[in-house]
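Then turn to the core and to the confidence of the prediction.

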Amino acid sequence: MIMPPMAINLQFMDFKNSIPATSCLNDDGSYSIFINTRLTRERQTDAYLHELSHIMRLDFEKKHYDIDVVEKYAHQLNQLIG
Ligand SMILES: [Zn+2]
């Protein structure tokens with residue numbers, strides 16, 4: 001499968017000790033991934049791959065899906081590529 005090119009804006013933010021990362025679909029069709037600066041470099045990479053798996057699986061298009069199911073598949077894909 002050939003993926004179309006996509007723009008991903010990567011930013012590092014201090015989320016304190018809450019979430020490792022989050023991502024969103026922007027109005028212009030690009031994506032933003034926000035990584036917690038408090039993580040180690042290894043955990044930042046894991047968090048980035050996890051958020052990237054959401055983007056690659058088009059999870060932002062699945063507004064009617066159960067979030068637990070979406071997270072389960074994102075973690076499985078992250079383990080395969082991580
Ligand atoms: Zn997730």
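**From sheet to core**

L10 has I33 as its bridge partner in β3. This is a predicted model, in which local features need pLDDT of at least 70 and side-chain atom pairs count only at pLDDT 80 or more, while totals for chains, interfaces and linings use all residues. Residues are numbered from 1 along each chain as its sequence is written.

Further bridges tie β1 to β3. Q11 stands opposite F34 in β3. M13 stands opposite N36, also in β3. In total, β1 and β3 run parallel and are joined by 6 bridges. Strands here are DSSP runs of E with at least two residues, and helices are runs of H or I with at least four, numbered from the N terminus. Two strands pair if DSSP finds at least two bridges between them.

On to β2. β2 pairs with β3 in the antiparallel sense, over 5 bridges. In this pairing S23 stands opposite I33 of β3. The hairpin of β2 and β3 has 5 residues between the strands, and G29 takes a positive phi near 90 degrees there.

What order do the strands of the open sheet take? The order is β1-β3-β2, 3 strands with mixed pairing. β1 and β2 (21-25) are the edge strands, each pairing on one side only. Direction ignored, neighbouring strands are turned by 15 degrees against each other on average; the axes are lines fitted to C-alpha atoms, for helices over the stretch in contact, and angles run from 0 to 180 degrees between N-to-C directions.

Why does β1 lie largely in the open? Of the 6 residues of β1 (residues 8-13), the number buried is 0, so the strand lies largely in the open. A residue counts as buried with 20 or more other C-beta atoms within 10 Å of its own, exposed with 12 or fewer, and partly exposed in between, with C-beta atoms placed from the backbone.

Now the core. The largest nonpolar core holds 6 residues: A21, I33, I35, A47, Y48 and L52. β3 (31-36) and α1 (41-56) are the elements that give two or more residues to this core. α1 gives the most, with 3. Such a core is a set of buried Ala, Val, Leu, Ile, Met, Phe, Trp, Tyr and Cys residues joined through C-beta atoms within 7 Å.

Last, confidence. The chain has a mean pLDDT (the predictor's confidence in each residue, from 0 to 100) of 87, and 93% of its residues reach 70 or more.
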